[in-house]
Amino acid sequence: QVELVESGGGLVQAGGSLRLSCAASGRTFSISHMHWFRQAPGLARELIANIRWSDGDTYYADVVKGRFTASRDNAKNTGYLQMNDLKPEDTAVYHCAADQGLGVYDWWGQGTQVTVSS
């Protein structure tokens, strides 16, 4: 079992930056990828980024490409999502999730609110 604990959300003005953290504990050697999702009110949850735990290879959705950067610190068992040039439409609850390479999202963080004011 892996537990994920998120931190770093908050309120920021448009154009500002935030960094989300997702600290993993437990059987962290099981992690294949860490994923970042967000869900705005009334909208479906969307995958915005992920990172392969072994080598740091990343994926970004077009809507955040060039503004958000996923990274990880294997020694700290922590993933990060650096969010720059934030826009009001980035306002959402952000979740991290992790999988063990079997095609499902095995573990989820509790979510953190990000609010971007115009």
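Which residues touch the most other members of the largest nonpolar core? In this predicted model, they are Leu-4, Trp-36, Phe-68, Leu-81, Met-83 and Tyr-94, out of 29 residues in that core. The elements that give two or more residues to the core are E1, E3, E4, E5, E7, E8, strand E9 (92-99) and strand E11 (112-117).

**Strand pairing**

Leu-4 has Ala-24 in E3 as its bridge partner. The strands concerned are E1 (residues 2-7) and E3 (residues 18-26), which pair in the antiparallel sense over six bridges. E3 is also joined by six bridges to strand E8 (residues 78-83), and these two strands run antiparallel. Here Met-83 in E8 stands opposite Leu-18. In a regular strand, side chains alternate between the two faces of the sheet.

**Aromatic rings**

A search of the whole structure finds three aromatic pairs. A pair of aromatic rings is described by the distance of the centres and the angle of the planes. Two of the pairs are set out below.

| Ring pair | Distance of centres | Angle of planes | Kind of pair |
|---|---|---|---|
| Phe-37 and Trp-108 | 4.9 Å | 40 degrees | tilted |
| Tyr-105 and Trp-108 | 5.8 Å | 65 degrees | edge-to-face |

Why is the pair of Tyr-105 and Trp-108 called edge-to-face? The planes of Tyr-105 and Trp-108 are at 65 degrees, and an angle over 60 degrees counts as edge-to-face. Ring pairs link Phe-37, Tyr-105 and Trp-108 into a cluster.

Phe-37 is buried, because its relative accessibility is 5% and buried means under 20%. Trp-108 is partly exposed at 31% relative accessibility, and Tyr-105 is partly exposed at 36%. Phe-37 has a charged group by its ring as well: the charged end of Arg-45 sits over the ring, 5.2 Å from its centre.

Is Arg-67 buried or exposed? Arg-67 has a relative accessible area of 10%, so it counts as buried. Its place is in the loop between strand E6 (58-60) and strand E7 (68-73). A polar atom of the Arg-67 side chain lies 3.0 Å from the backbone oxygen of Val-63. The backbone oxygen of Asp-85 likewise lies 3.0 Å from a polar atom of the Arg-67 side chain. Leaving aside neighbours within four places in sequence, the residues in contact with Arg-67 are Gln-82, Met-83, Asn-84, Asp-85, Leu-86, Lys-87 and Asp-90. Among them is Met-83, which was named above as a member of the largest nonpolar core.

**A loop residue at the surface**

Pro-41 is also in a loop, the one between E4 and strand E5 (46-52). With a relative accessibility of 76%, Pro-41 counts as exposed. Where does Pro-41 stand in relation to Thr-91? Pro-41 and Thr-91 are 50 residues apart in sequence, and their C-alpha atoms are 9.0 Å apart in space.

Conventions. Residues numbered from 1 in each chain as written. Predicted model: local features only at pLDDT ≥ 70, side-chain atom pairs only at ≥ 80, totals over all residues. Heavy atoms only, no water. Helix = DSSP H or I, 4+ residues; strand = E, 2+ residues; numbered from the N terminus. Buried < 20%, exposed > 50% of the residue type's maximum accessible area, 1.4 Å probe, protein only. Polar contact = N/O pair within 3.5 Å; in protein donor to acceptor, adjacent residues only side chain to side chain. Contact = heavy atoms within 4.5 Å. Phe/Tyr/Trp six-rings, centres within 6.5 Å; stacked < 30°, edge-to-face > 60°. Lys NZ or Arg CZ within 6 Å of the ring centre and 35° of its normal. Pairing = 2+ DSSP bridges. Core = buried A, V, L, I, M, F, W, Y, C linked by side-chain atoms within 4.5 Å.
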